[in-house]
Amino acid sequence: MRNQGLFSGRGITVVNDLSLDEQWYLYCKTRELKRDLAAGADMSRWKIGSTDLGVYLMFLEDSTRTKESFRNAASFHQVRVNDFNASASSFNKNESMTDTLKMLFGYQSQSIFVIRSKQEGVCRAMQDAIGAYADKIGYPRPGFINAGDGKHEHPTQEFLDEFSFLEHRAWDRSSIHICLTGDLYHGRTVHSKADGLKIFKEVKVDLVAPKELGMPDSYLKRMQANGFEIKIYPSLDEYLASGKVASIWYFTRLQLERMGEEILDKAVYLRKAVTFRQDMLDKLPEGTRFYHPLPRDRLSPTNPSWLDDTPLNGWDEQSINGYYTRVIEIGMLGGVIGNDFEGKTLSQAEYKDDFVREVPVDGKIKPTVKIGIKPVENGIVIDHIEAGKPVQDIWNRIDKIRKILKLNIRSSHGVFHNNQGDFKGLISLPDILEFDESDLKKLGAIAPGCTLNIVKGEDVIKKYRMTMPPRIYNFQEISCKNEACISHPAAMESIAPEFIRQGDSFVCRFCERIHRYDDIWDV
Ligand code: NCD
């Protein structure tokens, strides 16, 4: 079995899978590699050079540049390169992604999977599933690289883009002013910029797109949270008229294949708004450089081909940089590059379980509830359900608690006056004498804000207060509402949904779609 390096078994499933220091390391190593290549140096120190390691190219969506640069980067390393032919595989027999990868993974002692898919969050899900399988059979965990998942992210494109900007800016990280234009709605390469641009200390982003192709709100918010200064314009004409034009432009193609009929009808007008014209040339600042992840439309490119031989063309070099950055990425996950890394690595997120808290008891269960429930002598009382909320919400929550915790036993419930003059829900369970920890956590996730009282001889002997948990998982009654997500029921991949709390919202751990608390539930 091969030696393991610092980055072995890690994933690059989203930009943030590498800390900023790790991203910087990747750029510095790429720079060094390019220098060595240009100087005709001996390249053996960069290479994995072992067929014990296999790189699997799983492209379930079309690709030229990303796939071929990964293939060539893997060949550089002299490892085994496997090109998985999805269209002639058992996917057509309805085989799941997990089963397919388990099988491929068994063929070699160390693997790196490079996956492109329409489904969002695939790499993260496979990292969990195949990682657990690797532990079980005693293999090193495989590495996973997301080569573009639906409209979500394209982290390795992001790394080659940032590398290209850094090269152009002579490695000055102090600031960047960039214009992102084209299909900002569907383009995963621009979505990844919300995190990738953080490599620069001060970031100004001008977003130029008609509203139909505008940057989704969730990425705008993420850019704002990252401290970027954002300006929005509906067309290049209006942008250029503003007089405050960036000298780095990033074009993206109109992703017609992802658009609904309604937007497709407007394609001509939309394209016009983001297509560069000859008469715009003199409005550009000195030294402007254009970038594009490519491909561009050969009939109506937004960065037309008359620009190819001008100094504005940054996209040719950018595209070649894809090869170099990917040599480094495979080298890092393959264990040959990384042992000289010094800096902050990614810390594992910790989720505290303190959302269920035992609180001091306040004596007897009070017979405040004159209309209906008789105070229990012995049993459990779930109190303060949705306190202060509209009565209908309280009833819905009571219903949800009963359904999910399967409380179809002798019991009673109701909506009653709260001390504050508003309402609260209450469930009284005389036959239950204890709640195990996992049920307690479930209750916290279903009805944050409620209390659970354990009553003995009319005295409350224990009392717990629930607050909103940092993570909601392990429920059959939740699902991600993004139909393109790998954990969505329609994907039929049996990936257990999981949500992470961010402020008042819950983010799907796989596709990162932001949900309101109520929206994650199916009941
Ligand atoms: C991009 C992609 O696939 O997301 N291309 C690429 O990887 N070089 C952009 C696109 O398809 O327009």
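**Salt bridges, ligand surroundings and local backbone features**

Glu512 is partly exposed, with a relative accessible area of 21%; buried means under 20% relative accessible area, exposed over 50%, and partly exposed in between (1.4 Å probe, protein chains only). The structure is a predicted model, in which local features need pLDDT of at least 70 and side-chain atom pairs count only at pLDDT 80 or more, while totals for chains, interfaces and linings use all residues. Residues are numbered from 1 along each chain as its sequence is written, and side-chain values use heavy atoms, with hydrogens and water left out.

The side chain of Glu512 meets that of Arg222 in a salt bridge (3.4 Å, N to O). Glu512 lies in the loop between strand 19 (505-508) and strand 20 (514-516) and Arg222 in helix 8, so the pair ties together parts that are 290 residues apart in sequence. Helices (H or I, at least four residues) and strands (E, at least two) are DSSP runs, numbered from the N terminus. Arg222 is likewise partly exposed, at 21%. Helix 8 spans residues 217-225 and includes Asp217, which is partly exposed because its relative accessibility is 46%.

Side chains of opposite charge can pair when their charged atoms come close. A salt bridge is defined as a side-chain nitrogen of Lys or Arg within 4 Å of a carboxyl oxygen of Asp or Glu. A search of the whole structure finds 40 salt bridges. One of them joins the side chains of Glu61 and Arg258 (3.0 Å, N to O). This pair links distant parts of the chain, 197 residues apart: Glu61 is in the loop between strand 2 (53-59) and helix 2 (65-76), and Arg258 is in the loop between strand 9 (248-251) and helix 10 (261-264). Glu61 counts as buried, since its relative accessibility is 11%. A further salt bridge is formed by Glu257 and Arg253, with the closest N and O atoms 2.9 Å apart. Glu257 is exposed at 52%, whereas Arg253 is partly exposed at 24%. Salt bridges that share partners also join Lys29, Glu32, Asp36, Arg45 and Asp340 into one network.

Arg253 is also one of the residues around the ligand, among them Thr66, His154 and Leu294; a residue is counted here if one of its heavy atoms lies within 4 Å of the molecule. An N or O atom in the side chain of Arg253 is 2.7 Å from an oxygen atom of the ligand. The protein covers 93% of the 320 Å² of accessible area that the ligand has on its own; accessible areas come from the Shrake-Rupley method with a 1.4 Å probe, and for residues only the protein chains shown count as cover.

Leu294 is joined to Pro295 by a cis peptide bond, with omega about 10°. Pro295 lies in the loop between strand 10 and helix 12. Thr302 is placed in the loop between strand 10 (289-291) and helix 12 (315-333), and is buried because its relative accessibility is 5%.

Positive phi values occur at two residues other than glycine: about 50° at Lys406 and near 70° at Glu458. Lys406 is found in the loop between helix 13 and strand 13 (412-417) and is exposed at 55%. Glu458 is in the loop between strand 15 (451-456) and strand 16 (459-466) and is partly exposed at 38%.

How values were computed: Polar contact = N/O pair within 3.5 Å; in protein donor to acceptor, adjacent residues only side chain to side chain.
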